[in-house]
Amino acid sequence: MNKLFILEDLDCAHCAEKIQNDVAEIAGVISSKCTLLTQKLKLELADDADVAAIVKEVKSIVNKYEPDVTVIEK
Amino acid sequence: MSKKLKKRLTRIIICLAAFILIKILEEGLHVFDTGYGPYCMLASYLIVYIAISYDIIKNAALNTIRGSMLDENFLMVIASVGAFFIGSYSEGVAVMLFYQIGEWFQSYAVGKSRASIKELMDIRPDYAVVLRDGTESEVDPDEVSVGEIIVVKPGEKIPLDGIITEGISSLDTKALTGESLPRDVVAGNEVISGCINSNGLLHIEVTKEFSESTVTKILELVESATDKKAESENFISRFARYYTPAVVGAAVLLAVIPSLITGNWLTWIYRALSFLVISCPCALVISIPLSFFGGIGGAGRQGILVKGSSYLEQLDKAEIIAMDKTGTLTKGVFGVDSIHCIAQDISKDQLLKIAATAESYSSHPIATSLVNEYLSRTGQNAEELKSHIDNISELAGHGIEAVIDGIGYYIGNDDLMSDKGIVVNNLPDDATSVEVGTIVYIADHNRILGCILLSDIVKEDAADAIKGIKAAGVKRIVMLTGDRKATAEAVAARIGINEYHSDLLPADKVDIVEQLIADRSADGKLIFVGDGINDAPVLARADIGIAMGGLGSDAAIEAADIVIMTDEPAKIAKAIQISRRTLRIVKENIVFAIGVKLLILLLAAVGFASMWAAVFADVGVAFIAILNAMRALKTD
C-alpha cells in the first residue's frame, strides 16, 4: 500500500532527509522517500498499517522539523 | 515568489534597514557614547534581534524540549545570545539577520528550480474530450478507457496515447523532445500523449489507459529522478552528519581550555561563538542536490531524460560506448541512398520521377520511400504523380509494369528484368559493393535505364555525434549490429567508427558488452546505446543504458537509465557535456564551501576572523554555492 503526502513550502534539504528518516521509523511504514524538489513524501505501508495513526505521526514529525510546512494528504 | 516568501523578505528588509541605522548611530555619530546611551543601544539592538529571530528562538526552544539539540536553530540562538552576553551586540543581531537572509535565499532558489521542473511537467493533460454516443463530453483523462474515441481541437494537448482515426494536423512535440519542428500526422498514425495539436481537428482511438500512457510514464520518471542519489550527494549527507557535532565540540573545547589557561574568557568565548555560526552545513546540503537537479532539468529541456543523479554522475566517467546500429545510428527505415543512370540519355531526376510515379499507388515500404523522396525533392503532391499514369499492373514480388505519359516501363528487381529480357549491364561499381538493402531497376521496353539504391539511411547527425562523443573524451566507440559485415563496415566507415562487430544475435550483444565491461578501467564506465525495443537485456547489463527515440517505446523507458526522446545520436555527446558541467559545478561547490568553512574556522580559532567573517562563511558561501548550482540548469 502506498501513501503520498505533499509537503507544501518544504524548502530545506537536510530537514527533508530528517523527515524521511524519522518517518521510516514509524510502525507500519516499510519505506519512505522525501523529495525536496517535488515536495513529496512517498510512503510504502504494510497492509495492516494503521493509516490514521501514521498520518498523525507524519504531521507531527514534519511539524517538528519544519513548522512552516503544510502537510497535504493525497 | 510565494506570498510567504514575500512576507519574509519584507521582514528582512525592515530589520536590515533598522540594523544599519542603529549601526550608523553607534559608530558614525557616536550617539550612544554618553549617559544612558549604552542602554539605549542595547535596547534598540534587542528589538531588532527579537523582530528578526522570534520564530527561530521558538523553534529552537520547541526542539530542545523535544530532545533534538544541535539543530541549526539552536546553534544560531546560542551563537547570537552568546554574542550579546559578551557585549558584541551588533554581531549578535547580524548572525540572525544574515541567517534569515540565507534561509530566505535557499527557499527562493529551491522555488525557482521547482518552477523549472513544473515547466517540464507542463505536459500533464488536465482533461480529455471523449466521444460517447455521438456527443462530446469533457472528462478526466483517467476515466477514458481503451478503444474510446477522443477529440482533440487545435491548441489542445493530446491527453492519451492512440491512433488517429480522422483528421490531419501537425503536432508540437517540443515539451517532450525539445524538438521545435512540428511533426505532421494523418489518419492511421500513432500519436502519443503530451504533444500539442497545432492546427487540425483530430479524432483519436485510445490505445492505452492514462496510467500506462507516455505522459504518465515520463512524469513518473522525472519525479523519481532525484530518488537515485549520486555518490557526491551521499558524501555530503555523511559529511553533514559528522561536521556539525565536530564543530560544536571544537567550539566547546575552544571556549573552555584556552580560557582556563589564559584566564581570558571573553576572547575565547567570542572565537567559540564564531565556530557555532560556521557549524551549519547548509550551503553544501542544499547546493549539491540543487546542482544535480539543475543538470537533470536542463537535460530534460533538451529531450534527454535522466533517471537519477547517479547516472548523471557516472556519465562523466564514460570510457567505452557501445552502440547499436539499426535505429540508433541509422533510421531503421529504407530510404533512397543513391541513384545511378545507366542509359546515356536520362537524368537522375527523371529516373526517380519514373520510379516514384509507377510506385505511387503502392503501399509497399520501398514504394513509399521512393515516392516520399520524390515528393520531398520536388514539393509536388501525390495526386499530381498519379495523374501521369495511364496504366499500371503490379507483378507481385517482382515489381511494377507501368505506362506513364504513353511510355511503358518496368520497375523492379533483377528477376523482373530477366523475365522481360532486359539485360542489366554497365552497373556502376559502387552500386554492387555499397551497403545496400535493395536495388530497384528501371527499364523501358527495350533497355535498362538505371537503378536506384535503397538502404537503411544513416542519420544526418550520426557522424557529428561520433565526433562529439570522441571530443567529449570517450576512448573507445564500438558499433554492434545484427547486419552483415559489408553493411556494418560501410556504415562504420561513413560515420567514423573504427571498431564494429557484425552478424550478432541479441545474446551475442550481451556477451560483447560483458567483454567490454571487463576491458574498461576500474573507474571508467561502459555505456550502451540502443533503440530500446530489442536491446533491453543489454541496456540493463551496461553501466549506463541509453535508449534512443524513447517516444512511444515503453521498453526503452523502463530498461534504460537515460532516455533520449528525439532520435538524434548527437544528444549522447550533449548528455555527456551536461554531465561534465554539472559535475564540475558540484565539485566547485564542495571544494569552495568546505574550503572556506575550514579556512574561517582556522582563522577564527587564532583570532584573525571576526564573527562577521563567520557569518559570511555560513550565509555568503551558501548564497554563492546556490547561485553556482543554478547555473547547471542552463544547458544551451
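1. A definition to begin with: two residues are in contact if their C-beta atoms, placed from the backbone, lie within 7 Å. This is a predicted model, so local features need pLDDT of at least 70 and side-chain atom pairs count only at pLDDT 80 or more, while totals for chains, interfaces and linings use all residues. Residues are numbered from 1 along each chain as its sequence is written, and chains are lettered from A and ligands numbered from 1 in the order in which they are written.

2. The interface. Here 20 residues of chain B are in contact with 13 residues of chain A. On the chain B side, α2 (37-65), α4 (89-120), α7 (231-262) and α9 (282-301) each supply at least two residues, and α4(B) gives the most, with 7 residues. Helices (H or I, at least four residues) and strands (E, at least two) are DSSP runs, numbered from the N terminus. By type, the chain B side splits into 7 nonpolar, 8 polar and 5 charged residues.

3. In what order do the 6 strands of the open sheet run? The order is β12-β17-β16-β15-β14-β13, with antiparallel pairing; two strands pair if DSSP finds at least two bridges between them. The edges are β12 (330-341) and β13 (389-395), each pairing on one side only. Neighbouring strands are turned by 20 degrees against each other on average, direction ignored. Between β12(B) and β17(B) (residues 448-458) there are 8 bridges, and B:Val336 has B:Leu454 as its bridge partner in β17(B).

4. Helices on that sheet. Helix α11 (residues 348-359) of chain B packs on the sheet and touches β12, β13, β14, β15, β16 and β17 of chain B, making about 105 degrees with the direction of β14(B). Helix α12 (residues 365-378) of chain B lies across β12, β16 and β17, at about 65 degrees to β12(B). Axes are lines fitted to C-alpha atoms, for helices over the stretch in contact, and angles run from 0 to 180 degrees between N-to-C directions.

5. One residue of α11(B) to click on: B:Ile354. Leaving aside neighbours within four places in sequence, B:Ile354 is in contact with B:Ile404, B:Tyr409 and B:Ile442.

6. Helix α18 (residues 506-519) of chain B. B:Lys509, B:Val513 and B:Leu516 are buried in α18(B). Seen down the axis, the buried residues of α18(B) fall within an arc of 60 degrees, so they line one face; the arc is that of the directions from the helix axis to the C-beta atoms. The face turned away carries the exposed residues B:Ala507, B:Gln515 and B:Ala518.

7. B:Asp405 has a positive phi of about 45 degrees although it is not a glycine. B:Asp405 is in the loop between β14 and β15 of chain B and is exposed, with 10 other C-beta atoms within 10 Å.

Key
Nonpolar A, V, L, I, M, F, W, Y, C, P; charged D, E, K, R; others polar. Buried ≥ 20, exposed ≤ 12 C-beta atoms within 10 Å, placed from the backbone.
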